[in-house]
Every structure is written in C-alpha cells, then in structure tokens.
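Hello, and welcome to this structure. Here are a few notes to read alongside the view; take them in any order you like.

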Amino acid sequence: MTAAAQSVIDGTPAPVGEKPGAVDGPIGHLEVEQFLYREARLADTHELDAWEALWTDDAVYHVPVDDSWDPRTHMSIIFDNRGRIATRIKQLHTGRRHAQRPPSRLVRIVSNIEIVGTEGTDTVVSSVVQVIESRERDTRTWAGRVTHKLRRVDGGLAMAYKKVVLVDSDRPLLSLSFLI
Amino acid sequence: MTAVGEAPERAPGERVRSLVRPDRVHGSLYTDPTIFAQELEHIWYTTWVYVGHVSEIPQPKDYVRKSIGPQQVIMTRDREGEVHLVLNRCAHRGNLVCEAPSGNSGSFRCPYHGWTFSNTGELLGAPFNKGYGGKEGLKELGNLARVPRVAIHRGFVFGSLAEDGPSLAEHLGPAADRLDQLARLSPEGEVELTAGFVQHEVNANWKMLVENETDGYHPQFVHSSIFSISGSSIGDLYSDKSTAVTRALGGGHSENDLSPEFRRLGVPMGWAGTLESKIPDYVASMRETYGPQTGDEIMINGSPHIMIFPNLFVAEIQLFQIQPLAVDRTIQHVTAIQFKGAPDLNRRLVTQCVGSVGPAGMLLADDAEMYERNQRGVAQLQPEWLDLRRGLHRESTDDDGFTIGTATDEISMRSMWKHYLTLMAPQGGAA
C-alpha cells in the first residue's frame with residue numbers, strides 16, 4: 001500500500017509529492033464513516049431536508065433491479081437524478097404520500113465500510129446496510145450492498161452518487177417508500 | 001353415477017351468486033381462501049391469461065420463466081420459431097426443471113435425476129434407461145405438461161389451461177383493437193418488452209388491483225401528493241369536468257378512454273407528457289411510416305389505458321402483469337412499454353415509468369398502500385358489502401354499443417363482476 005492510499009483510508013496527511021485524489025485534502029476513513037452514519041440517521045428519523053442537502057447538484061440515486069442492467073434502458077426500483085430526488089422529498093413533505101403515512105419506523109445499521117477507490121474528485125465507498133422497518137403492515141428487514149461516491153464541497157462532504165443493491169432486488173418486493 | 005346428497009356440479013355457483021349484486025359485492029370475495037381456490041379453478045386455470053410477449057424470447061431456443069397465477073410456466077421458442085408454454089415440473093418426481101429466469105437452450109435437464117425434456121416439453125431421455133426397460137420403456141414415461149392452448153395477438157402471448165373454450169379473439173373482443181392501437185405507436189408497428197420487470201408485491205387480493213386499474217375515482221385522492229407538486233395534469237383527466245369516459249368492453253375488460261381529452265389538447269405526444277421537440281427522431285419516423293396526418297392522429301390519440309381481464313393492464317406507457325399467489329397476496333410484474341424503432345422515445349418512457357411504478361414508485365407505492373389497507377379493512381365484519389353504485393344512474397351506451405360512464409364512474413367494476421359471475425357461477429343448462 002502506498003502512503004497516498006494509506007492517507008485515503010485513515011486520513012493521515014499525504015506525504016509531500018503524492019496526491020491522494022481529493023482537491024482540498026484527502027477524505028479519510030473516519031470522515032467517511034461519520035458521513036455515512038449521519039446520512040443513515042437523517043433517513044431513519046425522516047429529517048428530509050437535511051438528508052436532501054447531503055446531495056450534490058449532479059446527484060444520482062439508484063436502487064437497481066439487476067445491477068448488470070443499464071438503468072437508462074432498463075427498469076430500476078429507484079433511478080433519480082437531482083431533480084427527481086427533490087420531487088421525492090417534496091412528495092413526502094405533502095403529508096399525502098400514503099405509503100409513508102404514518103412514516104415507517106426505521107433503524108438501520110451501516111457496516112463493512114471500505115474506501116475502494118477514487119473517480120475524478122469523488123471517493124468511492126462500499127458498505128453494507130441492514131434496515132429494520134416497522135409499519136402497521138408488518139416489521140421487515142431490508143439489506144443491501146451500498147456504493148457511495150463522496151465529494152468534498154465547501155470543506156464538508158456531499159454525496160454525488162448512492163447505489164443500493166438489495167439482496168432481493170429482482171424478487172417480489174413489498175412497497176419500499178422510505179429513503180433507503 | 002348420481003347419488004343423493006352429492007355435491008352440486010360446479011360447486012361455487014350459488015354461493016358466489018349471492019355475494020355479487022349489480023350495485024355491491026360482499027367483502028368475503030376478497031378474503032375467503034375457499035373462494036380464492038375456486039377462482040384459480042374457474043378463472044385462472046380456465047380462461048385466457050396473459051403470459052408474456054414474444055419480444056422476451058426473440059431467438060430460437062430462447063426461454064423465460066413466466067406464470068399463470070401460482071402456476072410456473074416456461075415460455076419457450078422452438079427451432080422453427082414457434083412459441084410454447086410448458087409447466088415447470090419434471091414428469092418424474094415433480095422437481096422444477098428450469099431454475100434460471102431466462103436463457104437460451106433447446107432442452108431442460110432436471111437437476112434431480114437428469115431427466116431431459118425438449119423446450120416443447122417432450123421427454124428426450126432418462127439416465128440408466130435399463131431401469132425403465134431400455135429405450136422402448138422411455139416411451140411410457142411422461143412429458144412436461146403443456147399449456148393446452150396458446151394464442152398470440154400482436155406479440156402478446158396468452159395461455160389457457162382449459163382444453164376447450166372461447167378462442168382468444170372471442171375472449172379479447174374489442175380489447176384486441178386496443179393492443180393494435182398500442183402497437184401502432186411504434187413506427188415499425190411492434191411493441192417490445194425489453195426493459196426488464198420490477199416485481200411489486202402487495203398483501204391484498206388480486207381483484208383489488210384489477211378493480212383499481214380503471215377506477216377513475218381514486219387518482220385525485222390517492223395521487224394528489226404527486227399531482228400537486230409535479231404540476232401534472234393527469235389529475236384533471238379524472239375529474240367531473242373531464243370529457244374522458246370509462247367504458248366496459250365486455251369479457252370483464254374495461255378502459256379509461258382518455259383520448260377525447262388528448263384530442264381536445266391536440267398536441268402530438270401530449271398523452272405521454274412530452275413534446276415532439278424532445279423526441280424528433282420518433283416523430284419523424286411516425287410521420288414517415290403512417291403519413292403526416294395519420295401519424296399525427298396516432299400520436300395525438302395516444303396509448304390505451306385498459307384492463308384486460310384477468311391480468312393484463314396497459315397504462316399508457318407501462319404494462320402490468322397481475323399474478324395472484326394467495327387470497328391476500330398478489331404480485332405486479334411491471335415494465336416500461338418499448339416501441340420498436342423508437343430509441344429516443346423508449347428512453348423517456350423508461351425514465352417516466354421508473355419514477356411512477358414499483359415498490360418505490362411515486363404513484364404505485366400509494367396504490368399498493370390502498371390495496372393493503374383495503375384488504376385489512378374488508379376483514380372487518382360490518383357493513384359487509386362494498387358499494388359499486390357510482391354512476392349507475394347515468395350509464396349510457398356509446399355508438400358501438402358499449403356501456404360507458406364518466407371518467408370517475410364505477411362502470412368497470414360492475415362489468416368485471418358481471419363477467420366474474422359468468423365464470424364462477426355459470427347459469428342455465430348443465431355444463
């Protein structure tokens with residue numbers, strides 16, 4: 001492992017002469033972890049505006065049916081650009097999104113966090129998520145493998161991309177109307 | 001042989017007849033497992049059921065796993081291009097012979113003991129055949145069961161598990177014209193289902209879905225959240241002011257005919273919520289194929305919104321296949337309709353469809369919530385009946401002799417139940 005890669009993972013400053021890939025300094029593991037936990041908490045507690053504010057302007061939010069399909073020509077469970085993320089949040093805010101009335105009670109565990117590379121100025125992070133959702137209908141578990149692309153914006157982190165590949169994505173699924 | 005006290009011939013008849021009235025239906029029709037079992041026998045395993053589309057198996061030897069209600073069906077294409085439907089059950093010990101969701105193979109080999117069947121169902125071989133008296137003995141063994149009747153209209157493949165009955169053309173009636181209307185939206189005259197399916201499950205009886213598909217009364221309420229923020233005009237199509245009509249097409253089929261509104265709008269592709277400037281290649285191909293005038297008419301009139309009983313729902317840009325699994329469990333298989341020769345339009349349709357349908361869809365998750373609450377609601381003892389009378393006093397007959405009502409009238413539900421009775425409780429003469 002190079003020192004630059006090490007610095008990406010644990011946030012130690014990169015040695016002079018090695019560029020870790022981020023514009024305003026490296027994105028370290030601890031910072032990534034804190035970001036993912038925060039995102040998870042905001043989604044669980046339905047802090048919709050704060051959750052929406054985590055996204056960059058060119059955001060893509062993707063929950064595929066089959067991860068090998070091109071989402072531009074094939075069905076997805078969710079394939080939102082930034083505009084559609086805003087629409088989704090606005091819909092929840094109306095109070096008439098019946099599938100979230102009342103909002104699901106949620107607790108999610110984010111784990112197995114790995115910084116797996118960089119794409120341009122984005123840091124690519126892999127993790128797994130397990131969500132317990134309770135509604136009048138039932139209490140159920142959702143689980144998936146998650147990819148985030150994180151970017152430094154105004155000194156903090158923002159997410160440019162989030163993909164959640166559910167373990168049962170191509171099987172019959174009950175409504176998934178919360179923010180996964 | 002007849003004996004005193006023997007069960008009456010087609011058992012469900014009298015009871016079901018007492019539960020379906022012209023202006024109301026009984027709640028137990030949605031909750032009683034006995035009735036569900038009877039529906040499987042008299043509807044799902046009797047009438048024509050939509051199974052799949054030929055574009056899902058374009059090449060010889062292609063196959064895809066499909067369903068007829070809870071029955072697992074493999075839709076195959078043989079070497080000559082003919083489409084077949086076989087049940088996914090080995091003739092030996094009943095194992096599933098096909099595990100992959102789709103693929104290309106001329107045969108299916110059961111993983112349990114290696115019996116091998118052609119993609120038309122014929123037994124090709126069983127290992128260690130001396131145990132069956134050699135090759136000759138194999139002829140005594142069984143094949144994969146074939147769905148006895150398979151018929152195709154405009155690429156839409158239907159199957160009937162009954163040996164005899166009305167033809168597909170008789171079953172579809174005027175619904176066939178709507179599939180033609182749909183196909184004409186392709187510059188090459190063909191629908192393609194190539195975008196893959198999302199499977200959206202609901203804890204509700206299948207008839208809750210069928211009745212909702214052409215219920216023009218609910219959108220203003222169930223979907224008000226999305227209409228209010230997206231500036232969508234869909235809600236207005238289903239209001240007291242709308243010139244759209246709900247039409248019973250017979251055979252349990254019904255439609256929301258929105259074309260009067262689309263014609264009033266008079267804008268090509270207005271029905272799809274897009275503009276011709278955004279899909280210039282498509283619009284040009286349509287005018288080239290059909291001529292400028294007819295091409296524009298097709299693009300103005302738009303796509304049908306039709307429920308073809310019991311399981312095919314075409315909602316303008318998306319197709320749903322309804323699969324009942326239990327009295328309170330139903331799966332909607334949904335995909336974006338794609339038109340051959342229209343790549344620019346197709347991408348827009350995928351994008352729109354993905355936003356609307358499926359477990360996270362901004363429309364369908366709310367419909368699903370209604371289905372599930374409805375299922376829990378009808379389990380309550382009183383008032384026992386569901387009311388179907390909306391618009392009963394203002395039903396009329398159109399020029400073609402079909403019963404019509406306004407966009408929000410419950411014409412389609414009443415006509416579905418009328419047809420339901422003909423299947424579940426046939427009257428007059430011995431069967």
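1. Which residues of α15(B) are buried? They are Leu364(B), Ala365(B), Asp366(B), Asp367(B), Ala368(B), Glu369(B), Met370(B), Tyr371(B), Glu372(B) and Gln375(B). A residue is called buried if 20 or more other C-beta atoms lie within 10 Å of its own, exposed if 12 or fewer, and partly exposed in between, with C-beta atoms placed from the backbone.

2. A word on the ground rules: this is a predicted model, in which local features need pLDDT of at least 70 and side-chain atom pairs count only at pLDDT 80 or more, while totals for chains, interfaces and linings use all residues. Residues are numbered from 1 along each chain as its sequence is written, and chains are lettered from A and ligands numbered from 1 in the order in which they are written.

3. Back to α15(B), residues 364-377 of chain B: its 14 residues should span 20 Å at 1.5 Å a residue, and the 19 Å between its end C-alpha atoms agrees with that. (The expected span is 1.5 Å times one less than the number of residues; helices are DSSP runs of H or I with at least four residues, strands are runs of E with at least two, and both are numbered from the N terminus.) The helix is mostly covered, with 10 of the 14 residues buried. Packing against these buried residues are α2 (28-31), β14 (198-202), α7 (206-213), α8 (219-222) and α14 (343-356) of chain B.

4. Chain A has 4 helices and 6 strands, in the order α-α-α-β-β-α-β-β-β-β from the N terminus. Of its 180 residues, 38% count as buried.

5. Confidence in chain A deserves a look: the average pLDDT (the predictor's confidence in each residue, from 0 to 100) is 90, and 87% of the residues score at least 70. Over residues 1-23 of chain A, however, the pLDDT is below 50.

6. Now try α2(A), residues 29-44, which has 16 residues. Its buried residues are Val32(A), Phe35(A), Leu36(A), Glu39(A), Ala40(A) and Ala43(A). They lie on the same side of α2(A) because they cover an arc of only 130° around the axis, taken from the directions from the helix axis to the C-beta atoms. The face turned away from that buried side carries the exposed Leu30(A) and Gln34(A). Among the elements covering the buried residues are α3 (48-52) and β3 (105-119) of chain A. After α2(A) comes His46(A), with a positive phi near 60°.

How values were computed: Contact = placed C-beta atoms within 7 Å.
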